[in-house]
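Open the model in your viewer and keep the sequence beside it. The tour moves from one selection to the next.

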Amino acid sequence: MEISIQTQEIESLEKQLIEAIKKSDISFLESVMHEDLRFIAPNGLIVTKEMDLDSHKNKTMLVESIVSKLEEIQIINDTAIVLIVYDTKGTMLGNPIEGRFRYMRVWKQFSIGYQIIAGSCIKIES
């Protein structure tokens, strides 16, 4: 089965996103997050683009290690739904974070390219 250009582009963006998260690459993160982004964290907190970027700028989110396993990319017109599992270790707001987390991200294509408009994350068993 042939992989679509859109699927390849989203997979590439996901790989770039992981690297940007590791390095706190504010410029890249800012470019791929839509202004109206809403993300639900494992504790139920609703995170905005500004909140996410601030956690990187203020170094309140530090990633020691992150290994990803892409599970699925579903393309629906100009939107992509991504399911990905991260094995993560780091800190958030001074609290240690470690474990396996399943993320769902929604990417939408705009004139400037794909941007993340929504997402969520839950901790899963190993």
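Predicted model: local features only at pLDDT ≥ 70, side-chain atom pairs only at ≥ 80, totals over all residues.

Residues are numbered from 1 along each chain as its sequence is written, and side-chain values use heavy atoms, with hydrogens and water left out.

**Stop 1: helix H1**

Select residues 5-23, which form H1; helices (H or I, at least four residues) and strands (E, at least two) are DSSP runs, numbered from the N terminus. H1 has 19 residues.

Now colour Thr7, Ile10, Leu13, Glu14, Leu17, Ile18, Ala20 and Ile21, the buried residues of H1 (buried is under 20% relative accessible area, exposed over 50%, with a 1.4 Å probe and protein chains only). They lie on the same side of H1, because they cover an arc of only 165 degrees around the axis, taken from the directions from the helix axis to the C-beta atoms. On the other side of H1, select Ile5, Lys15 and Lys23, which are exposed.

What do the buried residues of H1 pack against? Their partners are helix H2 (26-32), H3, E3, E4, E5 and E6.

Next, click serine 24, which follows H1 and has a positive phi, near 50 degrees.

**Stop 2: the largest pocket**

Select Phe39, Ala41, Met61, Met92 and Tyr103: of the 36 residues that line the largest pocket, these are the closest to its centre. A pocket is an open set of points on a 1 Å grid over the protein atoms alone, where a 1.4 Å probe fits, with protein on both sides within 12 Å along at least five of seven lines; lining residues have an atom within 4 Å of a point.

Finally, select strand E4 (79-92). The largest share of the pocket lining, 6 residues, comes from E4.

How values were computed:
Expected span 1.5 Å × (residues − 1). Contact = heavy atoms within 4.5 Å.
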